[in-house]
Amino acid sequence: MHQEQGQTKSLSSARPRVLLVGSYFSGLSGMRGVGQDLALALQTAGWSVLLTSARRGRIARLIDFLFTVWRYRHQYDVAHVDVYSGPAFTWAEIVCWALRWVKKPYMLTLRGGNLPSFVQRTGQRVPRLLQSTSIVTIPSTYLLEQMRPYREELVLLPNPLDLSKYSFKHREHPTSRLVWLRSFHNIYNPSLAVQVVALLLQNLPHVQLIMMGPDRGDKSLQTAKKLASELGVMDSVTFTGPVTKDEIPRLLNQGDIMLNTPRVDNTPVSVLEGMACGLCIVSTKVGGIPYLLEDQSDALLVPDGDAGAMAKAVQRLLTEDGLAGRLSRNAREKVEQFDWSIILPKWEQLLGDTAKRRSV
């Protein structure tokens, strides 16, 4: 268990003490996830916050979840649990059972972009978990639409950013410097970005791509590097490895066009960060992406896995008068609604409301 120190508050005070349950091992590589950003924002606002877990192994993480729920039950008043699909959903079910056992109220946030297909394969498990608590939040209109049949009352609470940390540059005349920011994992299809570079180099000899993010261990990083070598584009692709949250704004602003290549997605913070910097976004049209981005208005959207379409979209940004400037400006304007100054008070209200209710 990783414990973040904040000001100790009793339940009778304005701010209850909070336990955040999720996968926080991204901090070990220097990258912070949404949950860790939430913890820091709450602590800055004066909340006492516990985090679990920073364990990498699935079984070790589950044990840490349960140990923390029980061992520190007198040090938190309300819990928040992240919910993903696959094995992680089972962990959420078990943790919520444990929270009910120790009589702690909790709220849920549905984060997995694959949850809509997961729920169709698992019968009543997802609806049962969603009905076990009084408040369930959801970060995108995509998941709101897809999951509402399983629970009518869902609270839309977008993933936030501290916009003050992202320097906006209006890309009216972008260069062929591209950036990619995700974990190296099959669902994010990093090799697609390498394929796009190979196609662009046929007509644009100065194309450069910076690929940033940690290795998730499924050989996607090695596959992307091998493909870059086979296609003869290694000199045009830079693999930085993990980067810290504080480094991201500067590194993003080294490029003008962001490639987002996932096969499955929800409301990716990485794309929000690119929008905040004014990058021109070219993304696959999957999952929650078309709910976040509007094609031709604040991004260019292409079919999943279509390297040719993505390369043509990049070429349009470099050659079509007014297109890049419009996308850059509109993207920044849209992402301003995701600033922490707007989102944090909503989190505080929901956590406070949950703490006042008994666990079901």
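This is a predicted model: local features need pLDDT of at least 70, side-chain atom pairs count only at pLDDT 80 or more; totals for chains, interfaces and linings use all residues.
## Charges

## Overall build

The chain contains 14 helices and 13 strands. Its radius of gyration is 21 Å, close to the 21 Å that the globule rule gives for 360 residues, so the chain is as compact as a globular protein of that length. Buried residues account for 55% of the 360 residues, and among contacts between residues at least 6 apart in sequence, 75% join residues at least 24 apart.

## Salt bridges between parts of the chain

The count of salt bridges comes to 12. One of them pairs Arg125 with Glu93, whose closest N and O atoms are 2.6 Å apart. Arg125 belongs to helix 5 and Glu93 to helix 3, so this pair ties together parts that are 32 residues apart in sequence. Arg125 counts as partly exposed, at 25% relative accessibility.

Another salt bridge joins the side chains of Asp265 and Arg182, at 2.8 Å from N to O. Both residues lie in loops, Asp265 between strand 11 and helix 10 and Arg182 between strand 8 and helix 7, so the pair ties together parts that are 83 residues apart in sequence. Asp265 is buried, with a relative accessible area of 5%, and Arg182 also counts as buried, at 10%.

Conventions: Residues are numbered from 1 along each chain as its sequence is written. Side-chain values use heavy atoms; hydrogens and water are left out. Helices (H or I, at least four residues) and strands (E, at least two) are DSSP runs, numbered from the N terminus. The radius of gyration is taken over C-alpha atoms; the globule rule is 2.2 Å times the number of residues to the power 0.38. Buried means under 20% relative accessible area, exposed over 50%, partly exposed in between (1.4 Å probe, protein chains only). Contact means heavy atoms within 4.5 Å. A salt bridge is a side-chain nitrogen of Lys or Arg within 4 Å of a carboxyl oxygen of Asp or Glu.
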